[in-house]
Amino acid sequence: MQTRRTFLTATGAAITVLPFMAHASDLEHQTFDTANGDVMIYPIDHASFLINTASGLIAVDPVGHVDSIKNVGQPTTILITHEHGDHFDLETITQLMALSPAAQLVVNPAVMAMLPDDLSARATSLANGETTERDTYGIEAVPAYNTTEERLKFHPKGRDNGYIITHGDFRIYVSGDTEDTPEMRALQNIDLAFVCMNLPFTMDSDAAASAVSEFAPTYVYPYHYRGRDNGTQDPAAFAAGLADGIEAKFGNWYG
């Protein structure tokens with residue numbers, strides 16, 4: 001059974017969320033058919049989401065919502081892009097890691113330095129350009145940083161990670177907090193992307209749409225689009241700015 005939801009964009013226009021398959025956890029999710037089986041995406045909140053396959057459950061930047069995540073399953077891998085509080089929450093990570101002794105963390109070096117000993121022993125630190133394997137996934141850390149002069153203090157080059165997760169031949173890009181860097185625009189063969197847009201910390205919807213149009217994933221979720229000083233970036237405007245052939249997906253990130 002499929003459901004649709006409608007929410008208001010920043011401009012006040014109504015936008016219909018694409019169909020999500022019903023699930024026992026009561027969390028909306030979208031299923032992507034791949035050569036290695038279904039990949040199910042569960043938007044959780046702001047920068048947090050789950051990637052679920054028969055090979056394992058990946059939690060990306062989980063902050064709170066532990067009960068909702070537990071209803072989907074026990075994460076086998078937790079990915080952390082960087083240290084900011086809407087991406088890195090030690091209490092949430094500790095609770096999720098306690099669910100399974102096999103669970104592992106993949107983090108950037110700055111977060112690795114912040115972990116207590118019991119968690120660092122179960123963590124892999126990846127700097128930009130480094131790779132690891134978890135379950136049947138390949139995970140590559142890619143640069144995530146600011147390029148605009150007045151934003152450089154938020155995400156300096158070389159510190160934070162985006163990630164490319166490879167599941168068979170299905171490649172998922174997670175932007176983390178970044179602007180439309182040359183490295184983002186040069187991405188290749190991305191099937192599904194998650195791209196941030198909020199001011200003043202990352203970029204606006206026009207810059208995000210321009211970058212996504214250049215690296216041309218098959219599908220893209222706008223996420224992390226509520227900012228502080230300049231309000232919400234409009235996911236509908238982002239979608240309207242995409243090049244032909246790129247399909248925008250919408251999650252219920254903010255309730």
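1. A216 counts as partly exposed, at 45% relative accessibility. Buried means under 20% relative accessible area, exposed over 50%, and partly exposed in between (1.4 Å probe, protein chains only). A216 sits in the loop between α6 and β15 (219-223). Its phi is near 55°, a positive value in a residue other than glycine. Most residues other than glycine have a negative phi.

2. A word on the source. This is a predicted model: local features need pLDDT of at least 70, side-chain atom pairs count only at pLDDT 80 or more, and totals for chains, interfaces and linings use all residues. Residues are numbered from 1 along each chain as its sequence is written, and side-chain values use heavy atoms, with hydrogens and water left out.

3. D61 also has a positive phi, near 45°, and is not glycine. Is D61 buried or exposed? D61 counts as buried, because its relative accessibility is 0%. Look for D61 in the loop between β6 (56-60) and α1 (66-72).

4. Now the peptide bonds. Most peptide bonds are trans. The bond joining L199 and P200 is cis, with omega about 10°. P200 belongs to the loop between β14 (192-196) and α6 (205-215).

5. Next, the chain as a whole. The protein chain has 7 helices and 16 strands. Helices (H or I, at least four residues) and strands (E, at least two) are DSSP runs, numbered from the N terminus. Of the 255 residues, 53% count as buried. The accessible surface comes to about 10,400 Å², and 47% of that surface belongs to carbon and sulfur atoms. These areas come from the Shrake-Rupley method with a 1.4 Å probe; for residues, only the protein chains shown count as cover.

6. Among contacts in the protein chain with a separation of 6 or more, 54% come from residues 24 or more positions apart. Contact means heavy atoms within 4.5 Å.

7. Which strands form the open sheet? There are 7 strands, in the order β3-β4-β5-β6-β7-β8-β9, and the pairing is mixed. The edge strands, β3 (30-34) and β9 (123-125), each pair on one side only. From one strand to the next, the twist averages 20°. Axes are lines fitted to C-alpha atoms, for helices over the stretch in contact, and angles run from 0 to 180 degrees between N-to-C directions.

8. Strands β7 (residues 77-79) and β8 (residues 104-107) run parallel and are joined by 3 bridges. Two strands pair if DSSP finds at least two bridges between them. I78 has L105 in β8 as its bridge partner. Strands of a sheet pair through backbone hydrogen bonds, either parallel or antiparallel.

9. N52 lies in strand β5 (residues 48-53). N52 is buried, because its relative accessible area is 14%. Leaving out residues up to four places away in sequence, N52 touches D38, V39, M40, Y42, L57 and V72.

10. Finally, H155. It lies in the loop between β11 (137-144) and β12 (160-167). At 0% relative accessibility, H155 is buried. Its side chain makes a polar contact with the side chain of D177 (3.1 Å). A polar contact is a pair of N or O atoms within 3.5 Å; within protein, one must be able to donate a hydrogen and the other to accept it, and residues adjacent in sequence count only if both atoms are side-chain atoms. The H155 side chain also reaches the backbone oxygen of F201 at 3.4 Å. Not counting residues up to four places away in sequence, H155 touches several residues, including H82, H84, Y145 and D160.
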